[in-house]
Amino acid sequence: MAYKKSNRLSQAALIKQILKRCSSLGKRQSYDEQGLPLDVPKGHFVVYVGENRTRYIVPISFLNYPEFQNLLHQAAEEFGFDHDMGLTIPCDQDVFESLTSMLR
């Protein structure tokens with residue numbers, strides 16, 4: 001049982017890191033008077049997917065799904081969090097679109 005608890009804590013810490021990182025992305029984009037990106041609705045964040053780094057705006061609620069969390073773990077292992085390229089998901093665009101269509 002202790003393993004599951006520590007695993008949950010590490011997932012929660014990972015999600016917090018991702019959200020913190022996402023909130024600091026897009027500094028070069030246009031912002032409204034409250035400092036929020038104009039093209040990203042409240043309750044959403046941006047990810048980049050595939051070799052061409054296609055930009056997707058996804059709801060924060062996706063963070064509740066283990067399938068999406070697995071993608072984030074893969075991103076953390078492959079890219080880490082210390083880069084200026086944005087949150088990049090290391091999977092094929094078709095796979096990402098298929099997964100996210102099932103989560104909606």
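## Helix α2

Helix α2 spans residues 66-79, and its 14 residues reach 20 Å from first to last C-alpha, close to the 20 Å expected at 1.5 Å a residue; that expected span is 1.5 Å times one less than the number of residues. Helices (H or I, at least four residues) and strands (E, at least two) are DSSP runs, numbered from the N terminus. The model is predicted: local features need pLDDT of at least 70, side-chain atom pairs count only at pLDDT 80 or more, and totals for chains, interfaces and linings use all residues. Residues are numbered from 1 along each chain as its sequence is written, and side-chain values use heavy atoms, with hydrogens and water left out.

Phe 68, Gln 69, Leu 71, Leu 72 and Ala 75 of α2 are buried (under 20% relative accessible area, with exposed over 50% and partly exposed in between; 1.4 Å probe, protein chains only). These residues lie on the same side of α2 because they cover an arc of only 155° around the axis, the arc being that of the directions from the helix axis to the C-beta atoms. On the other side of α2, Glu 77 and Glu 78 are exposed. Gly 80 follows the helix with a positive phi, near 70°.

## Strand β1 and its partners

In strand β1 (residues 44-49), five of the six residues are buried, so the strand is largely enclosed by the rest of the structure. Six bridges pair β1 with strand β2 (residues 54-59) in the antiparallel sense; pairing requires that DSSP find at least two bridges between two strands. His 44 has Pro 59 in β2 as its bridge partner. Four residues lie between the strands of this hairpin, in which Gly 50 takes a positive phi near 80°.

β1 also runs parallel to strand β3 (residues 88-89), joined to it by two bridges. Thr 88 in β3 is the bridge partner of Tyr 48.
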